[in-house]
Amino acid sequence: MDLIANLSLGFSHALEIKNILFCFVGVLLGTAIGVLPGLGPLATISMLLPLTYALDPISSLIMLAGIYYGAQYGGSTAAILVNLPGESSSVVTAIDGYKMAQQGRAGAALAIAALASVFAGTVSTGVVAAFSPILSNVASSFGSTEYFSLMVLGLVAAVILAHGSLLKAICMVLVGLILGCIGVDASSGSYRFTFGFLELSSGLEFVALAMGMFAFADIISTVAEKTGSGPAIHKITSLWPNKKEFDAAAPAAVRGTLIGSVLGVLPGGGAALASFAAYTLEKRVSREPRKFGNGAVEGVAGPEAANNAAAQTSFIPMLTLGLPSNGVMALMMGAMMINNISPGPQVMTTNPDLFWALIASMWVGNVLLVVLNLPMVGLWVKLITIPYKVLYPAILMFCVVGLYSIQNQTFEIYIAAIFGFVGYLLVRMKCEPAPLLLGFILGPMLEENLRRTLQLSRGDPWIFVTHPISAGILLVALALLLVTVLPQIRNKREEVFSEAE
Amino acid sequence: MNLLRSPDGQSGLFFTAFGLIVATLALQYPLGTPARMGPGFFPFWLGILLTVTGSLVIVQSLRAESERIAPLEWRSAAIITLAIVISASLLLTAGLLIAIPALVIISAFAGRNVKILPVVITAAVLTAMAYAIFILGLDLRIPLLWGL
């Protein structure tokens, strides 16, 4: 079996001491920032991106991935114990998890969340391993025409995934594409939008853009309000769920895993959407829907399994097609490109060790998370009491020195400061930064593939519709857009996100 | 006026203006033909698309009932941005041991109820951390104090 051989290749890398260490650091950091309400995976991963210049690609990707799914764990801990979801994906967990904590079942809720997550993590790692090669094989026959359409699909997905107005998200993608044009034009060698800055000739630094938009802008918009007093924390008594709770949780975890795995792969899907969908499903299949909202075990197990499964399967489109399905995946793609690996179907053949090591590390990371979380839950909870006053200067410090370290120059710091300010203005105008970042990453590739295709077709744009695969992809993109625009479904989507917020 | 007070209106104006500027700037580069795209081709059409979409956002904001935009956090925005810029300019001239305390102390004034002593302690601890992690640990080449 190829799969077994591939997985053992992956595990041989993932189980190297060095990589276990990086995986551990990743999930540790991830759990910590998941618990901390002031800091999300986007800001943390941007903060650590400069490190990827120094580390080898396998270790750095393993660590960054660990942060992402570690954050799903940490988020649920805070949601259950203090009703303060650290991540948007654990908002649903807070509904019944916090009720359980109030009823003295905090330990059981935590254990169920952790066990459901590790179950989902294991299954969805298998899903990633099984489906990625198939998709990657299909995609490796793609030419520039198909690639262009695929990237359009990716951008449409980014637009749909954004909260709020569709038009504004489209604008943000376009701004990102425009920012991607900065620097020396690949085909003609002329300087575009560099305004005389030599530092801009190789393009706008991705890390500076990400840190500005995610870390700095976030600090600016929240620093004034985050001075409230600490929350009340519920005591953890017995850590183990009783048999009745376990029996109710097990099928819910299985359903959650299924729904999460599917929603994670879909462009525009993601952990937050998956956990909400799983909660709705549990409520619908339950014989006593009235239990929900009053400490239903299924309401913890289902969403927790779903958000973890979705966090893992959202790697599939990124790894196989080079399409990031959310902001974190865009950052992961950025990290790969920093290491001169261009994401896409060829990754599996050109860097099989990286590909399979990343997948294997997800499983390793899930095991580490359970070991890390259940016995040390008391320690994590203490983290919540760290005041934001101390936290944000620390974030600023890491960002400033990190930005300097990229090229040993201060230019990137100024760039990030500008984008921090602009990013804050954009957030205030209710424009989400993630689509902009996706546009920025895909921009140069989009232009290159457009150029090649139009060169082949002698300037005829109909080539995108006459090539069957390309036409099919564009049709999917169109369908996704229509589904979102249709008012009835649109209302429902806003409902989903307003509850997930 | 509705247009200037709602998030949609403001962002629509911003996107439209940005699109127009980009499209105009792109005209200084050769556009080429679709079959042989010049360096100005892609950015020019992106600018046009952004202008069109931005205007649609404006139209949308005029039709929908208005939602007031959150007040601008001028203080936070100015202080945080200033702290970053000042520490960047100090990093190579005065050194890490000046730049990091400056960053922490200036940025502290963005919060509410600033007390001097905790801020000084935070600055000292974070500077020590920066030294331990970036100089001792990662061996970065940053001047410590006036070129030392």
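The model is a predicted one. Chain A has 501 residues, and chain B has 148 residues.

**Helix α4 of chain B**

- Helix α4(B) runs over residues 74-93, which makes 20 residues.
- At 1.5 Å a residue it should span 28 Å, and its end C-alpha atoms are 29 Å apart, so the two values agree.
- Gly95(B), just after the helix, has a positive phi of about 105°.

**Helix α20 of chain A**

**Where the two chains meet**

- On the side of chain A, 50 residues are in contact with 58 residues of chain B.
- Five helices of chain A, namely α9 (166-180), α10, α19, α20 and α21, each supply at least two residues to the side that touches chain B.
- Which helix gives the most to that side? It is α19(A), with 10 residues.
- By type, the residues on the side of chain A that touches chain B divide into 30 nonpolar, 11 polar and 9 charged.

**Chain A as a whole**

- Chain A contains 24 helices and 2 strands.
- Its radius of gyration is 22 Å, close to the 23 Å that the globule rule gives for 501 residues, so chain A is as compact as a globular protein of that length.
- Along the principal axes, its C-alpha atoms fill a box of roughly 70 × 50 × 50 Å.
- Of its residues, 61% count as buried.
- Among the contacts of chain A with a separation of 6 or more, 80% involve residues 24 or more positions apart.

**Chain B as a whole**

- Chain B has 6 helices and 0 strands, in the pattern α-α-α-α-α-α along the sequence.
- Its radius of gyration is 23 Å, well over the 15 Å that the globule rule gives for 148 residues, so chain B is more spread out than a compact globule.
- Its C-alpha atoms fill a box of roughly 55 × 45 × 20 Å along the principal axes.
- Buried residues make up 38% of chain B.
- The chain is divided into domain 1 (2-63) and domain 2 (74-137), and 38 Å separate the centres of these domains, taken over C-alpha atoms.

**A buried residue: Val57(B)**

- Val57(B) lies in helix α3 (residues 41-63) of chain B.
- Is Val57(B) buried or exposed? It counts as buried, because it has 27 C-beta neighbours inside 10 Å and the cut-off is 20 or more.
- Leaving aside residues up to four places away in sequence, Val57(B) touches Leu167(A), Lys168(A) and Cys171(A) in chain A, and Asp8(B), Ser11(B), Gly12(B) and Phe15(B) in chain B.
- Val57(B) is 25 residues from Gly32(B) in sequence, and the two C-alpha atoms are 30 Å apart in space.

**Positive phi in chain A**

- Most residues other than glycine have a negative phi.
- Phe193(A), which is not a glycine, has a positive phi of about 50°; this residue lies in the loop between β2 (191-192) and α10 of chain A.
- Phe193(A) is partly exposed, with 18 other C-beta atoms within 10 Å.
- Asn408(A), also a residue other than glycine, has a positive phi near 55°; this residue is in the loop between α19 and α20 of chain A.
- Asn408(A) counts as exposed, with 10 C-beta neighbours inside 10 Å.

Note on methods:
Residues are numbered from 1 along each chain as its sequence is written. Chains are lettered from A and ligands numbered from 1 in the order in which they are written. This is a predicted model: local features need pLDDT of at least 70, side-chain atom pairs count only at pLDDT 80 or more; totals for chains, interfaces and linings use all residues. Helices (H or I, at least four residues) and strands (E, at least two) are DSSP runs, numbered from the N terminus. The expected span of a helix is 1.5 Å times one less than its number of residues. The radius of gyration is taken over C-alpha atoms; the globule rule is 2.2 Å times the number of residues to the power 0.38. A residue is buried if 20 or more other C-beta atoms lie within 10 Å of its own, exposed if 12 or fewer, and partly exposed in between; C-beta atoms are placed from the backbone. Two residues are in contact if their C-beta atoms, placed from the backbone, lie within 7 Å. Ala, Val, Leu, Ile, Met, Phe, Trp, Tyr, Cys and Pro count as nonpolar, Asp, Glu, Lys and Arg as charged, and the others, Gly among them, as polar. Domain bounds come from an automatic or database domain assignment.
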